[in-house]
Amino acid sequence: MNAREEILRRVSDATGAPAAEYAAIKRPYQRSHHQVGIVDLFAERVADYRAIVHRVPAADLPAAIATALAARPGAYGVPDGLPAEWVAGIESARLASDPADLARLAGVVTGCAVAIAETGTIVLDHSTGQGRRALTLVPDYHLVVVTADQIAADVPEALERLDITRPLTFISGPSATSDIELSRVEGVHGPRTLEVLIV
């Protein structure tokens, strides 16, 4: 058991299991605003956040990933558990399965846990194929694969699919911030470029 797991165990022992309390919360609000067209809605909303969005048939995914990475020279972080067939057509020298120096990476390729159509948000829970949080926040470019079955219509549905005990990162386009005069600056605390492949 590492230090993080020990701390979480102590917190859980002191407060009780969060899953039971979470399940007991009453949710009388409308749970879904959309019943159809959620993949199209997600593509539209994530593009509104200045992400580059492509719709890709499953059979063409490896070629689409190879094309996206070929446009940007350098090494790419690939988290453990990313399907090998996704990056099969890429030179192994361009892939870093255990990147020690995140700053030298041109970008990262990951999957996701869930995506939210209503808000155009991608959620990572940093499980298999997603890597640790730093891997998706430090490199300048993030290529993320979202499958149609991972897209939830609204936030309540997305939250039901997530494990609330895992670290969660919500991504709505490239990182950006604005100063008091509303001058937008991108890439301050994460990738300047977010590219999304919807399968």
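Which side chain makes a polar contact with the side chain of T169? In this predicted model, the partner is the side chain of H126, at 2.6 Å.

View 1. T169 belongs to strand 9, which spans residues 169–171. With a relative accessibility of 10%, T169 counts as buried, because buried means under 20%. Setting aside neighbours within four places in sequence, the contacts of T169 are I122, V123, L124, H126 and R133. Of these, H126 is the residue whose side chain makes the polar contact with the T169 side chain.

View 2. Six strands pair in parallel, in the order 1-12-7-4-2-3, to form an open sheet. Strand 1 (52–55) and strand 3 (95–96) stand at the edges; each has a single partner strand, so one side of each is left without a neighbour in the sheet. At the strand 3 end, look for the 2 bridges that join it to strand 2. Y76 has L95 of strand 3 as its bridge partner.

**View 3. Two helices against the sheet.** Helix 3 lies across strand 1, strand 7 and strand 12, and runs at about 160° to strand 1. Helix 4 also packs on the sheet, where it touches strand 2, strand 4, strand 7 and strand 12. The direction of helix 4 makes about 170° with that of strand 7.

**View 4. The two faces of helix 4.** Within helix 4 (residues 61–70), the buried residues are L61, A64, I65, A68 and L69. Seen down the helix axis, these buried residues fall within an arc of 130°, so they line one face of helix 4. The cover over them includes strand 2 (76–77), strand 4 (107–110), strand 7 (141–146) and strand 12 (193–198).

**View 5. The largest nonpolar core, and another one.** This core has 20 residues, of which F42, I122, V146, I151 and V196 touch the most other members. Helix 3 (38–48), strand 6 (121–124), strand 7 and strand 12 each supply at least two of its residues, and helix 3 gives the most, with 6. Leaving out residues up to four places away in sequence, V196 touches F42, V46, A51, I52, V53, H54, I122, V144 and V146. Apart from this core lies another, of 17 residues, including I65, Y76, V78 and W86.

Technical notes:
Residues numbered from 1 in each chain as written. Predicted model: local features only at pLDDT ≥ 70, side-chain atom pairs only at ≥ 80, totals over all residues. Heavy atoms only, no water. Helix = DSSP H or I, 4+ residues; strand = E, 2+ residues; numbered from the N terminus. Buried < 20%, exposed > 50% of the residue type's maximum accessible area, 1.4 Å probe, protein only. Polar contact = N/O pair within 3.5 Å; in protein donor to acceptor, adjacent residues only side chain to side chain. Contact = heavy atoms within 4.5 Å. Arc of directions from axis to C-beta. Core = buried A, V, L, I, M, F, W, Y, C linked by side-chain atoms within 4.5 Å. Pairing = 2+ DSSP bridges. Axes fitted to C-alpha atoms, helices over the stretch in contact; angles between N-to-C directions.
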